Amino acid sequence: MKQTKITLEENEIPERWYNIVADMPNKPLPPLNPATQEPIGPEALAPIFPMALIEQEVSQDRWIPIPEEVRQIYTSWRPSPLYRAHGLEKALDTPAHIYYKYEGVSPAGSHKPNTAVAQAFYNKQAGVKRITTETGAGQWGSALSYACQHFGLGCEVYMVRISYDQKPYRKLMMNTWGAEVIPSPSPQTEAGRKILAEHPDSPGSLGIAISEAMERAATDPDTNYSLGSVLNHVLTHQTVMGQEAIKQMEKAGELPDVVIAPFGGGSNFAGLSFPFLRMNFAEGQNIRCLATEPTSCPKLTRGVFRYDFGDSIGMTPLIPMYTLGHNFVPAKIHAGGLRYHGAGALVSQLLHDKLIDAEAVDQIESFEAGVLFARAEGIIPAPEANHGVASAIREAKEAKEEGKKRVILFNLCGHGHFDMSAYEAYFSGELHRHELSQQDIDSAISEIDTPEIPDTAA
Ligand SMILES: *Cc1c(COP(=O)(O)O)cnc(C)c1O
């Protein structure tokens, strides 16, 4: 298991976030007010987000300075290491050179604290007392709990009931960092009470949990709401990963031919790939950026580009996105972080303009890849991350067939230490392939009743 670990010094943590909007040939379309279908102004978001984050959400500036206090907190796990995967290369007997950026070194075990810390900082600065959010598998809730604890903010996490019951350790992690974790639907909110009145045994859903968290933030002046993916400012915060990776690849003396990341709402993909896309825009490089989604939730490869809600209940503004429809309920695969019906506006526009690529991987292939990786490299990936590993392995096998070197970089965006029950299901043969038929896709898309994107813009 020979590894090359490429590290950076603390003072090489980026000093600014990269906002890709400045370099996009076609800017993302504006979010719309669902009632009027007119573009929303920043003031529409003011009841739930601090102004600094709203400004970042609509910013056209290429670089956004990272506050020194945030950089200080980043030093507790950043710069994160980048490895050359000699063990995996050997196992695959490939001429490809495989590299991975490892984000499992953060306190919460994934890339999510990169934005959680920034969001908690700006909320604290704005005088907010408490942040609410939703969590499914628990990755985002734990990252935000950690960040809120650091700044002395209260944190209230609405956790989808079924995950709350099935994933006690993620919940306990949040409790340890001082967060209150509430199974959703809950009697605490109007939205929750309404669901409970009709379905007292409701297992909950991410859509319901979002409604509860947003309602709390909208009705309490001391409380704000926070989102862990999809939105522009979240993706921008994550670009610390790609900026570090560029320096690390330089140290290795190589430039990737392909940059790969698993895709839920787009934050770890954007965070690693956008700084490399900038090299395409600014320096005429031709680095392929590839997002990997599960075949059970294929919005990028089989969805449509149109306006849709960010949540499943229809509380958010309409966002221009690749989507399977906000009512689409993906199969219960174990990569919970990838079970999201849509994609962020930035990534969607880039995909539409063919500046990035996407492919889908079945969960069986993803776990085969993850187990092979763990045996070759030692690190056990999160089930979400396994999708990126699977794509990297596909690329390495292609390179072998061609008999040519290919430099592959992927995002190992989290470890799987709290997801061993998913590995248990895989080992015991309980996991199944999830390929949607064209009929399933057509019927999901035919239910979308939100506005289409005008041809002139698209
Ligand atoms: C949340 C999460 C994802 C999916 O979200 P993105 O915003 O697409 O990155 C993927 N991997 C891990 C480990 C996560 O925690």
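Colleague: How far is an oxygen atom of the ligand from an N or O atom in the side chain of K112?

Modeller: This is a predicted model, where local features need pLDDT of at least 70, side-chain atom pairs count only at pLDDT 80 or more, and totals for chains, interfaces and linings use all residues. Residues are numbered from 1 along each chain as its sequence is written, and side-chain values use heavy atoms, with hydrogens and water left out. A polar contact is a pair of N or O atoms within 3.5 Å; within protein, one must be able to donate a hydrogen and the other to accept it, and residues adjacent in sequence count only if both atoms are side-chain atoms. For the K112 side chain and the ligand oxygen, the distance is 2.6 Å.

Colleague: Which backbone atoms lie 2.9 Å from an oxygen atom of the ligand?

Modeller: One is a polar backbone atom of G266, 2.9 Å from a ligand oxygen. Another is a backbone N or O atom, also 2.9 Å from an oxygen of the ligand, and it belongs to G265.

Colleague: How much of the ligand's accessible area does the protein cover?

Modeller: Accessible areas come from the Shrake-Rupley method with a 1.4 Å probe; for residues, only the protein chains shown count as cover. On its own, the ligand has 390 Å² of accessible area. The protein covers 97%.

Colleague: How many residues surround the ligand, and which are the closest?

Modeller: A residue is near a molecule or strand if one of its heavy atoms lies within 4 Å of it. There are 15 such residues around the ligand. The closest are K112, S229, G264, S267 and N268.

Colleague: How many residues of each class does the shell around the ligand have?

Modeller: Ala, Val, Leu, Ile, Met, Phe, Trp, Tyr, Cys and Pro count as nonpolar, Asp, Glu, Lys and Arg as charged, and the others, Gly among them, as polar. The shell has 3 nonpolar, 10 polar and 2 charged residues.

Colleague: How many salt bridges does a search of the whole structure find?

Modeller: Side chains of opposite charge can pair when their charged atoms come close. Here a salt bridge is a side-chain nitrogen of Lys or Arg within 4 Å of a carboxyl oxygen of Asp or Glu. The search finds 22.

Colleague: Where do E68 and R71 sit, and what is their N to O distance?

Modeller: Helices (H or I, at least four residues) and strands (E, at least two) are DSSP runs, numbered from the N terminus. E68 and R71 are 3 residues apart in helix α2 (residues 68-74), so about one helical turn separates them. Buried means under 20% relative accessible area, exposed over 50%, partly exposed in between (1.4 Å probe, protein chains only). E68 is partly exposed at 46%, R71 is buried at 10%, and their salt bridge spans 3.5 Å.

Colleague: Which parts does the salt bridge of D362 and R433 tie together?

Modeller: The closest N and O atoms of D362 and R433 are 3.4 Å apart. D362 lies in the loop between β14 (357-361) and α15 (363-377), and R433 in the loop between α17 (420-427) and α18 (438-446), so the pair ties together parts 71 residues apart in sequence. D362 is buried at 7%, whereas R433 is exposed at 56%.

Colleague: Which residues do salt bridges that share partners join into one network?

Modeller: The network is made of R288, D357, E395, E398, E402 and R406.

Colleague: Is V230, with its positive phi, buried or exposed?

Modeller: Phi of V230 is near 70°, and V230 is not a glycine. V230 sits in the loop between β9 (223-225) and α10 (232-237). At 9% relative accessible area, V230 is buried.
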